[in-house]
Each structure stands twice: as structure tokens, then as C-alpha cells.
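Work through each task yourself before reading its solution.

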Amino acid sequence: MDKQTLYDRFQRQIILPNLDELAQQKLLDAKVLVIGAGGLACPCLEYLVRAGVGNIGIVDGDYVTISNLQRQTLYNNNDIGKLKVDCAKERLLNIHPHTNITSYPFFLDRKNCLAIIQQYDIIIDCTDLFSVRYCINDACVLLEKALVFGAVFQYEGQVAVFNIGEKNEQRNLRDIFPTIPNQEAHTTCNEAGILGAVVGIIGTMQALETIKLITNMQGVLANQLLTYHFLHHNIFTVSIPKNNTYTLPMNEQEFLRVGENTSCNNQIQQELNQAQFLEKIKAGNTQVIDVRQLHEMPIIPELNALRIPIDTLAERIHEIDSSKDILLFCHAGIRSLMALEYLSEECGMQKVFHLKGGLLQWKN
Amino acid sequence: MATTITVKLFGSLVDIVQNSILTLEDVEDVHSLQEKLFVLFPALQKMQFAIAIDKKIIHENTVINEHADIALLPPFSGG
């Protein structure tokens with residue numbers, strides 16, 4: 001791109017106080033990894049690309065569904081059934097063709113995350129499960145990467161920028177919540193509901209914090225947690241002192257070992273997409289269990305599932321044949337994850353799997 | 001002297017308490033705050049949340065003064 005074209009494209013921001021041509025060059029040279037390509041990531045990615053962030057990685061193994069379109073602004077009707085990272089890359093390159101975009105069409109886990117994260121300067125967490133968020137958090141502490149965190153619950157959102165400043169001043173997610181929260185108690189968007197404009201503002205705030213970081217602007221939300229209540233427009237920001245009650249892996253071996261012993265990694269390995277779920281059924285020796293309430297629809301005949309609502313799982317445990325691969329599913333993948341945790345951790349069953357995203361993600 | 005404090009609640013904690021602001025009496029420190037909350041709202045025991053006093057998250061038992069700004073912040077995972 002010649003200098004005049006470059007200037008024309010970014011002229012409106014280069015004339016801002018604190019954002020000159022040198023800062024623009026920093027944006028063009030920056031390497032930013034966005035993990036997740038959903039509601040937070042769409043506006044975040046779009047504003048990063050429009051601002052000229054030159055090198056962007058996008059990680060997500062998910063496909064576009066009709067229920068995504070209410071909030072995930074990079075996708076449209078024609079994208080349903082396509083990989084999100086492919087659609088996002090195409091749309092973003094239409095916005096600014098000189099952006100170097102690398103897509104990773106799979107989900108992040110403890111085994112693959114270090115190799116990907118270490119290639120980037122700033123990591124943006126746009127995911128939606130605690131297990132993955134803690135995996136990213138621990139990897140960013142280990143690799144000393146700045147982490148821009150964003151998350152939503154109904155009409156509220158949280159933003160934080162971790163691992164900034166001198167070593168003894170750096171904070172991470174575990175300094176607020178030392179252990180991985182129970183996903184069952186703190187639901188995801190699929191279960192709790194979400195408005196596009198809410199997740200859009202938080203994703204945009206993540207892009208803004210990233211741009212501030214890259215260009216060394218003041219006012220980065222470093223080592224603080226901001227909570228925004230969108231119905232009342234209240235912003236509540238707290239500082240985060242060091243929490244000494246947790247330890248983190250000090251090297252790659254420890255990081256992987258922690259993964260082997262935590263439900264974080266196991267959960268990822270035990271999560272199946274539709275194709276993997278059907279493949280297991282085809283392979284045989286499986287018992288498929290629908291943990292929704294009995295009135296919930298639709299019924300998928302090809303799954304031939306035994307219906308055991310999650311609240312009756314304990315009393316009907318004798319109906320589960322642990323010599324088989326147990327395949328669990330529900331509406332959105334939350335109750336099946338709870339059932340998976342119960343059967344694995346409380347009942348000691350080894351071969352338990354669940355349908356990630358539930359029937360919401362099911363394509364006939 | 002009886003201490004009256006107000007507590008701000010966020011996220012899913014509001015559903016449990018059925019209010020975004022709570023007034024409590026005779027709360028001396030963080031331990032007595034937690035005890036009182038768990039008696040009044042047993043469902044809170046299943047929730048993880050950070051406690052902030054005067055906009056600073058606290059990790060240890062701390063004395064709570066009459067006009068302290070208390071907030072209970074649960075983790076959010078949606079995205």
C-alpha cells in the first residue's frame with residue numbers, strides 16, 4: 001500500500017491527539033490474536049481491521065447458525081452452515097485487503113494454545129466458557145502476553161486488561177476468581193439470553209483497549225475490572241490486588257500437566273460437535289441420553305435417545321450403562337455439560353461425552 | 001454500635017437476591033457479611049463472587065465501615 005493510500009484510509013484517526021503516523025505504524029505492525037469468532041469477536045475484529053491492525057489471528061471451530069445472526073455482525077443468511085473463521089476472514093478482507101489474517105478453524109485447548117498464542121503480541125478473549133477462558137488466562141500468564149478480557153451476562157458486561165506493567169503489578173483472571181467457576185451456576189448466552197447491542201459494545205470496548213495498548217495511549221484498563229450495566233448505564237470499576245491463594249504453571253510441561261488433571265481439558269476433549277456425535281453413534285456401543293425435561297422439543301429420531309431429565313439423573317443412574325460410550329445432549333449444551341461433570345466426577349464414569357452447543361447447533 | 005451497610009449486586013446474584021441493592025445491619029467485617037448473606041440467601045453459597053470494598057477487590061477478612069461501598073461481583077462467561 002503506497003503512503004498516500006495509507007494516509008487517505010487512516011486520515012481521520014491520524015489527526016487525533018495521541019494518534020499520529022508513528023502510532024498508525026504500530027497498529028500496522030501489531031500482531032493480535034482474537035479467540036472466539038462470536039458476539040464479542042465480530043465488532044472487535046471489525047474495528048481492529050478498520051483501525052489498521054496489520055496482523056490478526058482468529059480461532060474458532062464453530063459454524064454459523066441462524067441463532068448467531070441476531071448479534072454476530074460479520075455474518076449473514078448466506079453464511080449459515082459455513083465455518084465462522086472463513087466467513088469472518090472474507091468479510092474483513094473486503095474491509096481492508098492489506099490485513100494479514102490467519103484463521104485457525106478449530107477450538108482452542110491446552111495442547112494447541114501455547115503454540116498459537118506465542119506468535120502474537122496481544123490476545124483477546126472473546127470466548128464463552130470458563131474452562132477455555134482459564135486456559136487462555138493461564139497461557140497468557142506463562143507466555144507473558146497482554147490479555148484483553150471481555151464477557152457478558154444478560155444486560156451487563158465486564159472488560160479487563162491483564163498482565164500489564166511491571167511483573168509485580170501484573171494481574172490476571174485468577175486474582176479475581178482464583179478457581180474455574182461452575183459453568184452450571186453462571187450460565188452462558190445460550191441459556192441466559194443476550195442482546196446484540198450489549199455484546200457489541202463490550203466487543204467494541206475490547207477493540208478500543210487493544211488499540212490503546214498498541215499505541216501506548218493512557219487510560220488502558222490495566223489490571224482493573226470494569227462492569228457496565230447497560231439498562232442503567234452504570235459503570236463500576238474495581239482495582240485488583242494480588243491474590244496469593246493460587247499457583248500457576250511455570251513452564252510448558254506443567255501447563256500441559258495441569259490440563260491433564262483438570263476438568264477444563266477433559267471437558268474440551270469430551271465435547272463433540274454434531275459430526276463427531278453422529279460418528280460415535282455409528283461406531284456403536286453407545287447409549288444416547290437426552291437430559292432435557294420431557295416436554296422439551298424437538299425429538300431427533302435418529303438419536304434414539306433415552307430421556308433422563310437432568311434433575312432425575314441421580315435417582316435413575318442404574319439405567320446408565322457405563323460399559324458403553326455415554327453421549328449426552330440437551331437444548332444448548334449446558335445441562336449436558338453438567339450431566340457430564342456429574343457422571344465423570346461423582347460417578348467415576350470414564351467414557352462420557354456431550355454435544356457442544358446442544359440441539360441449538362443441530363443441522364438436519 | 002449497629003452498622004448498616006448497603007451492598008451492590010451484579011449479574012446472576014441479582015436474580016438470587018431479587019434486588020440489585022441490599023441493606024444489611026450489624027455487619028462488622030467480610031466474614032460476618034458472608035455469614036449473613038448465606039443465611040438470608042442460601043443459593044448464594046453455590047455462586048462464586050468477588051467482594052469489593054470501596055472499589056477494591058479484597059481477598060482477606062476486612063473490617064467494614066458504616067459508609068463503605070460494598071459490591072458483590074460474579075464472573076461472567078458469555079460472549
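**Exercise 1. Describe the interface of chain B and chain A.**

Start with the area: together, chain B and chain A bury about 2,500 Å², of which 62% lies on carbon and sulfur atoms. Buried area here is the accessible area (1.4 Å probe) that two parts lose on being put together, summed over both. B:Phe76, B:Ser77 and B:Gly79 provide 29% of what chain B buries against chain A, more than any other three residues.

A word on the source: this is a predicted model, in which local features need pLDDT of at least 70 and side-chain atom pairs count only at pLDDT 80 or more, while totals for chains, interfaces and linings use all residues. Residues are numbered from 1 along each chain as its sequence is written, chains are lettered from A in the order in which they are written, and side-chain values use heavy atoms, without hydrogens and water.

Next, count residues: 40 from chain A and 24 from chain B take part in the contact (heavy atoms within 4.5 Å).

Finally, check for salt bridges (a side-chain nitrogen of Lys or Arg within 4 Å of a carboxyl oxygen of Asp or Glu): the count between chain B and chain A is 0.

**Exercise 2. Which residues of helix α2 of chain A are buried, and what covers them?**

First, list the residues with under 20% relative accessible area (1.4 Å probe, protein chains only). In α2 (residues 21–29), a DSSP run of H or I with at least four residues, they are A:Ala23, A:Gln24, A:Leu27 and A:Leu28.

Then look down the axis of α2(A): these buried residues fall within an arc of 145°, so they line one face of the helix. The arc is taken from the directions from the helix axis to the C-beta atoms.

Last, find the cover: it includes α1 (3–14), α3 (41–51) and α8 (196–214) of chain A, along with β2 (55–59), a strand (a DSSP run of E, at least two residues).

Methods: Buried means under 20% relative accessible area, exposed over 50%, partly exposed in between (1.4 Å probe, protein chains only).
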